[in-house]
Amino acid sequence: MPSASPVSQLLESDSWNSLKDLRSPSQASQALSRTTSFSSNASDTDDRPRRRSEPAYSFVGMHCIFDQCKAMVTVIKFGHMSSDLLAYGATDGSLTVCSVSMPPSVIKQLIGHSKDVTDFDFSTNNQYIASSSMDKTVRVWDISRGLCIRVIYGVSSQLCIRFHPVNNNFLSAGNAKKEINVFNFSTGRTISTTVVDGEVTAMDHDHTGQFIFCGDSQGCIYTVSMNSHTGALSRTHRNRSSSKHRSAVTTVEYRTFSLLARGPVLLAFTRDGSLSFFSVSLEMKGYLTLRCSLKLAPRLHSIRASFCPLLSLEKGEYIVAGSEDANVYFYDLTRPRNTCVNKLQGHGYPVIGIAWNHGENLLASSDFGGTVIVWKRAKTA
């Protein structure tokens, strides 16, 4: 089994980080208040430097590199509540499980899918991985044994998947047939199905397991209620894209608390470069209210974005995203102007996947060429 390639020397943060001035339209010049929303436009290829630095997201360099995969790494995640267990899936159908503890190493390679791995999720105890694929199957893997213990066959491409956060006997998967299916983890049987208006391309649960938030190929975001005991599904809300051109959702990510919304929030990212930030009302059956949005350059690939760690009550609302120009960009959504606050340079191909570890000191990014870089964040006072 090929091992990871640790970086021979740790580079200084100045060589990997610079603050970029990304201009937004003049109509977005008013400061954001807690009760208002705004939109702004930015090009993530603008290279005009600013002398100010953003200490919140300074990095001291690369922690390690995994480069044994020769296909595009489509999705990357750290284990549940884990700071060192990392996995990633690729277009060659492979899933690779790694440890980023020093020395970094590949633990298992999970081989079984015949086409692209579109998504995967860890069980809460990190004993299992459930994966979805363009080969129309959902597979469940025992990580320690490196074995596929269950295959669920579908009739269309399986595009996204999540374990239920409370009842790990439930698996939710979205497919190209516009369906969200809930499967019984133990038997593989379908428990419940609901249908949306487009291919289900991204999803996430809220922390209580009462709701599934999903995005489709038309740019719509849905809230679906789920019974944690029976697995029964029912659609409650739909949020239509305001864009004239319908674009697939690549990221749907839930967070339990945000400074901007003073409550739970949802991040959505689409292939046309639209970042949307919603407040979530759990009392109103998961109703979404758009708080702010950011328009980036359109993406050719299904590039993902993620929330950044919540650092303090004085900091902004940060998002990290991959890009076609091989950089990792950081954005502060609370800024109507100069939204890009940092970028990481090191990939040689478009950056596709993004993931933070539980300790929030490591950021992993994957690219079109199959390389995974784990970046080490600078310690903050």
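Here is a quick tour of this structure, from its overall build down to a few single residues.

What you see is a predicted model: local features need pLDDT of at least 70, side-chain atom pairs count only at pLDDT 80 or more, and totals for chains, interfaces and linings use all residues. Residues are numbered from 1 along each chain as its sequence is written, and side-chain values use heavy atoms, with hydrogens and water left out. The protein has 31 strands and 0 helices. Both are DSSP runs numbered from the N terminus: strands are E runs of at least two residues, helices H or I runs of at least four.

**Confidence**
- The mean pLDDT comes to 85, and 83% of the residues reach 70 or more; pLDDT is the predictor's confidence in each residue, from 0 to 100.
- Residues 5-39 have a pLDDT below 50, and beyond near neighbours in sequence the model gives this stretch 102 contacts. A contact means heavy atoms within 4.5 Å.
- Residues 46-53 also stay under 50, with 19 contacts beyond four places in sequence.

**Overall packing**
- Of the 381 residues in the protein, 59% are buried. Buried means under 20% relative accessible area, exposed means over 50%, and partly exposed is in between (1.4 Å probe, protein chains only).
- Among contacts with a separation of 6 or more, 52% are between residues 24 or more positions apart.

**The largest pocket**
- The largest pocket has a volume of about 1,400 Å³, and of its 47 lining residues the closest to the centre are His80, Asp204, Glu253, Tyr254 and Trp356.
- A pocket here is an open set of points on a 1 Å grid over the protein atoms alone, where a 1.4 Å probe fits, with protein on both sides within 12 Å along at least five of seven lines; lining residues have an atom within 4 Å of a point. Grid points are joined across faces, edges and corners, and the volume is the space filled by probe spheres set on the points.
- Several strands supply at least two lining residues each, including β5 (73-78), β17 (200-205) and β29 (351-356). The top contributor is β21, with 8 residues.
- The lining splits into 22 nonpolar, 15 polar and 10 charged residues. Ala, Val, Leu, Ile, Met, Phe, Trp, Tyr, Cys and Pro count as nonpolar, Asp, Glu, Lys and Arg as charged, and the others, Gly among them, as polar.

**Asp206**
- Asp206 sits in the loop between β17 and β18 (211-216), and is buried at 2% relative accessible area.
- Leaving out residues up to four places away in sequence, Asp206 touches Pro165, Phe211, Phe213, Tyr254 and Leu282.
- Gly286 is 80 residues from Asp206 along the chain, yet their C-alpha atoms are separated by 9.0 Å.

**Cysteines**
- There are 0 disulfides, a disulfide being a pair of cysteine sulfur atoms within 2.5 Å.
- Cys98 is buried at 0% relative accessibility. Its closest cysteine sulfur, in Cys64, is 8.0 Å away, so that is too far for a bond.
- Cys148 is partly exposed, at 28%.

- Most residues other than glycine have a negative phi, and most peptide bonds are trans.
- Met102 and Pro103 are joined by a cis peptide bond, with omega about -5°; Pro103 lies in the loop between β7 (95-99) and β8 (105-110).
- Met81 has a positive phi of about 55°. Met81 is in the loop between β5 and β6 (85-90) and is exposed, at 57%.
- Lys136 has a positive phi too, near 75°. Lys136 is in the loop between β10 (128-133) and β11 (137-142) and is partly exposed, at 39%.
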